[in-house]
Amino acid sequence: MSVITDFEVKKATVLESDKVISLLKDIAQWMRDKAIQQWSYLLEGGDDEEIHQAIVDQHTYIVLADSEIIATFTLSPDQSEWDQHIFGIDITHDSLYLHRLAVKPEYMNLGVGKNLLKWIKENHHSNKTYLKLDCVAGNARLNQFYRENGFEYVGETDNHNKYQKELTNA
């Protein structure tokens, strides 16, 4: 396959909750099979309610290629308890928080993740200044991916590296 640039991004609906959760669990299992220490809690149902609520709140997106869901991500304008724990309480409220950016393994290394980050920057439709995320510190490949896509490393909390990227061009 070549680089995938032709995809549709849309907000997930409540009716798609099970598909999103299933996709995330499939990717968590793939990571476990590859000895990547990340998201294994999803396999036991951890975060199912939070994932469903993010869909209800219209913060979760699905990515379609030829009517197939190939990726998902959550973009929250508000800090979760986890975000507060990792980044500290954001009194400026100037950040969007990216969670659970996940691409089906057969679509990895085809530019989907990079193009989704570009899509987020171009389509965030908010007055937020930063896009923030965290990822497991020990996942070297994922950390490299975020650095290569313009994210600045801003520290580590509880074995999670913290990154941010300016959303505005100013």
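The model is predicted: local features need pLDDT of at least 70, side-chain atom pairs count only at pLDDT 80 or more, and totals for chains, interfaces and linings use all residues. Residues are numbered from 1 along each chain as its sequence is written, and side-chain values use heavy atoms, with hydrogens and water left out.

**Overall fold**

- The protein chain has six helices and seven strands; helices (H or I, at least four residues) and strands (E, at least two) are DSSP runs, numbered from the N terminus.
- Read from the N terminus, the order of elements is β-α-α-α-β-β-α-β-α-β-α-β-β.
- The radius of gyration, taken over C-alpha atoms, is 15 Å, close to the 15 Å from the globule rule for 170 residues, so the chain is as compact as a globular protein of that length. The rule is 2.2 Å times the number of residues to the power 0.38.
- Along the principal axes, the C-alpha atoms fill a box of roughly 40 × 30 × 30 Å.

**Burial, contacts and surface**

- Of the 170 residues, 47% are buried (under 20% relative accessible area; exposed is over 50%, partly exposed in between; 1.4 Å probe, protein chains only).
- Among contacts (heavy atoms within 4.5 Å) with a separation of 6 or more, 63% are between residues 24 or more positions apart.
- The accessible surface is about 9,400 Å², and carbon and sulfur atoms hold 47% of that area; the areas come from the Shrake-Rupley method with a 1.4 Å probe, and for residues only the protein chains shown count as cover.

- Six of the six residues of β2 (residues 60–65) are buried, so the strand is largely enclosed by the rest of the structure.
- T60, I62 and L64 point one way from β2, while Y61, V63 and A65 point the other way.
- Strand β1 (residues 8–11) runs antiparallel to β2 and is joined to it by four bridges; strands pair if DSSP finds at least two bridges between them.
- β2 also pairs with β3 (residues 68–76), again antiparallel, over six bridges.
- V63 stands opposite V9 in β1 and has A71 as its bridge partner in β3.
- Two residues separate β2 and β3 in their hairpin, and D66 in the turn has a positive phi of about 50°.

**Positive phi in loops**

- Most residues other than glycine have a negative phi.
- A35, in the loop between α1 (17–33) and α2 (40–43), has a positive phi of about 60° and counts as exposed at 59% relative accessibility.
- Q58, in the loop between α3 (48–56) and β2, has a positive phi near 60° and counts as partly exposed at 47% relative accessibility.
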